[in-house]
Amino acid sequence: MLAYYLELGLRSLRRNPMLTALMVMAIGFGVAASMITWSVFRAVSGNPIPDKSAQLFTPQIDSWGPQQNLPHNEPAEALDYVDATALMHAHAAKRQTVFYMVGMRVMPGGSRELPLNANGYAVTSDFFTMFEVPFRYGSGWSAQDDHARAADVVISDTLNQKLFGGADSVGRMINLGGHGYRVVGVTHHWNPKPRFYDLFSTQGFADEPDIYMVFNRAIDLHMHPDGRNTCRGSLSFTNWQSYLQSNCAWITPWVELDTPAEVASYRRFLTNYAAEQQRAGRFNWAPNVRLRDVVQWMDYEQVVPPESRISLVVSLGFFVICLVNTIGLLLAKFLRRSGEIGVRRALGATRQEIYTQYLIEAGTVGLAGGVLGLLFTAAGVSSVGILFPPQIARLAHLDLSLVGLTLLVAIIATVLAAFYPAWRAAHVQPAWQLKSN
Amino acid sequence: MSLEIKPILVALRRHKAGTLLIALQIALTLAIVCNALFIIHQRLAIVSQPSGVDEADVFVIANRWADTAQSTTQVDAQVRADLLALRQLPAVRDATPSSGYPLQGGGWDNFVTMTPDQTKPTTDAAIYTGDTHFIDTLGLKLIAGRNFRSDDVMVMGTQQSITPPTVIVSKALADRLFPGGDALGKSFYAMGTTPSTIIGIVDTLHRQGVDQWSQAHAGQSLIWPLRADDSRGIFYIVRAKPGQLATAMREAPKALYAQSRMRLLDLKDSIQDYATIRHKVFDSDRGMVILMSVISIVLLAITAAGIVGLTSFWVGQRRKQIGVRRALGATRNDILGYFLTENFMISLAGVALGTVLALAFNLWMVTHFAMDHMSLAYIGVGVLVLLLLGQGAVLAPALRASRVSPIEATRTA
């Protein structure tokens, strides 16, 4: 019987072609608009490190004071050098890292006569384990190398391809900005999106870093941050040493804490540290610290661009209107056939059967709308670039799950919209219809 | 044509569902379209902000040094040689070094205070560094005071903080700091211990950023007479002679490579003209305009189509009634008027509800996205558009109804 209803439904698509076309178009547009904006939203709001996002925390320490702080007395989004090194020395967490963005060039050599860009980070050894950086060759460096300020460097697969044709380059030397470095590891392609670990210098979406070098060495070489740098009050530094002692925030810290007890104890450590600084006269305000995990940090830093949320909400509203429209049109389409329904009811069809038949018919309309919507979605997703910057637009793509979702949403939404019109159809009075015919 | 409001109301009660659906659709459409129009208007205002730059002739070179360990003296010598080479190019009118450029997206800004020990800043200014060629290169209009002289220009090394004693400010910054209009010769502090004295005022100079923070300090910029000899790199802003932008953009990198090859000029954003810069920085704003326009147009079309569909159905259902009325003496215009009035009343209910929804939606966006409150004019326009749309949509089925012949009254249907 269901197959028969389905056939009836498909056949009825051709009846009232205008009404049907209107509904199919409305559903197609509605579902496509929602799916296109959803594909972007899904990409920008995903959890980039789901298995560890609850164990990674970024500490903040108020070194500016209530008068200079961000709105709501929020401390700086990164640390100054003094606090960053103090956190590293205290070693109050199982794993911890501090880092900042560096801009380097690979000097000409071999067949290359022009320098090559190499952006990346000056990090400490735990960076690689904490963020689960995958390695193709070699590995990161050790804590001893951190202390020894080793000239070690980890390079990306892409840079390894450019410099060594993709071969295992561990142990090879490269010249970065006039200094020699030994390659200790080559990463697999690794560019979590959003870039949760560096929301201070990036908005969460940036090209893959090329290199990672030893933090202490970068400091020794007076390597200036290539990312953000934010300061308060009068700036009077004249050299690297006075810059390091300034209140400029430019270093991002992360710690790994496995249990709630560890989190509580680290929070206490931060508060104690700030209290100590207050006693020492460096801060003349009460301790004001934060400890946010990955999800809280992404939320605070507003990784999802407002455009993405607004367009998703507007598209959903658009879809709802399309469905309201569909309810009205289905009502017209079904009730137009009151006569036919009356005959069928008189011949013994139950209300349940009429109800099922019309819901299935609506389902076929939904399916047709979904297929049309899929075409619009495919076209839309490939032109998301007009709406979002390229780094974000690249993330939106039509995969199997989106295809399935588009069809499913179209059919379910249409069937839901058909509940009332089908109910009305099922309640057509057979006697009435027969009499007037 | 008499307004038959009471019989219409009675008739509407007979098909409550259809009436409610049309009214609801009009209400939701109004809510979305008003807000979309508001977003479009706001974003268009952002996208068309003037930069103050002679955008047709100016381009920017992001010059990164290969040797990041160079001393300030080495960098400065190279920068001066580069500038000389650029300015000598036949297609080039002028060139300046700079720390950034208008509409760059992000960039350098400092808090501004009136006294050195003031903790709460008076405002925030975007900072540009440049030499005596900055104003001419960008094509800025000096409206008061003088340009920098070569003895004003200082050299600033990497991560060094220097506050020059002389500064040229944008009119917006001058007006913000000295509302009396007497900014020239006055001084202020921009996160430095020494004051900067205003020696010149330029008309419009957009900030590097276009984000919310920058919008709140729109157009407040200052120029410091500094060559910022950062060991990582520097921006060269170049102004081509009229009509020679393309030639200048081709020649410039060659001239720079001829000075030294130890630099990076081959990245995708190394050399950009202002059309590209503007396009890039307003990407998402332009995208919002396109998306909201498409959604509004499709939405209005779908709403109109829905009204046509349902009204046609009603007309079909009521052919006999119409025939009876015609037989009883109603003119074609009476029938036409009936359906137009009916739609008008449904639409009125719809826009009334829609106004509330539109305001609620706007309020939601105000609280969640720090958006401005929508002016009532948008609702006015939206209401008018939807009422007209409703009347337009109902016209065809209503005309068909008016052509129903009185003979229909005798048919059984």
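At what angle do helix 2 (residues 16-47) and helix 11 (residues 332-369) of chain B pack? They meet at about 40°, with their axes 7 Å apart. Welcome to this predicted model, in which local features need pLDDT of at least 70, side-chain atom pairs count only at pLDDT 80 or more, and totals for chains, interfaces and linings use all residues. Residues are numbered from 1 along each chain as its sequence is written, and side-chain values use heavy atoms, leaving out hydrogens and water.

**Helices within chain B**

- Helices here are DSSP runs of H or I with at least four residues, and strands are runs of E with at least two; axes are lines fitted to C-alpha atoms, and angles run from 0 to 180 degrees between N-to-C directions.

**Where the chains meet**

- The contact between the chains takes 64 residues from chain A and 60 residues from chain B, with contact meaning heavy atoms within 4.5 Å.
- Together the two chains bury about 5,100 Å², 70% of it on carbon and sulfur atoms (buried area is the accessible area, with a 1.4 Å probe, that two parts lose on being put together, summed over both).
- On the chain B side, B:Gln159, B:Met191 and B:Phe313 lose the most area to chain A, together 13% of what that side buries.
- Helix 2 (residues 17-45) of chain A and helix 9 (residues 283-317) of chain B have axes that come within 11 Å and cross at roughly 155°, and are therefore roughly antiparallel to each other.
- Among the residues meeting there are A:Leu22 and A:Phe29 from chain A, and B:Val298 and B:Ile302 from chain B.

**Salt bridges**

- Over all chains the structure holds 38 salt bridges, each a side-chain nitrogen of Lys or Arg within 4 Å of a carboxyl oxygen of Asp or Glu.
- Across the interface of chain B and chain A there are 3 salt bridges.
- B:Arg43 forms a salt bridge with A:Glu307, their closest N and O atoms being 2.7 Å apart.
- Inside chain A, A:Lys52 pairs with A:Glu256 in a salt bridge, with the closest N and O atoms 3.0 Å apart.
- A:Lys52 lies in the loop between helix 2 and strand 1 (56-61) and A:Glu256 in strand 9 (residues 252-256), so this pair ties together parts of chain A that are 204 residues apart in sequence.

Methods:
Chains are lettered from A and ligands numbered from 1 in the order in which they are written. Angles under 35 degrees count as roughly parallel, over 145 as roughly antiparallel, 65 to 115 as roughly perpendicular and the rest as oblique.
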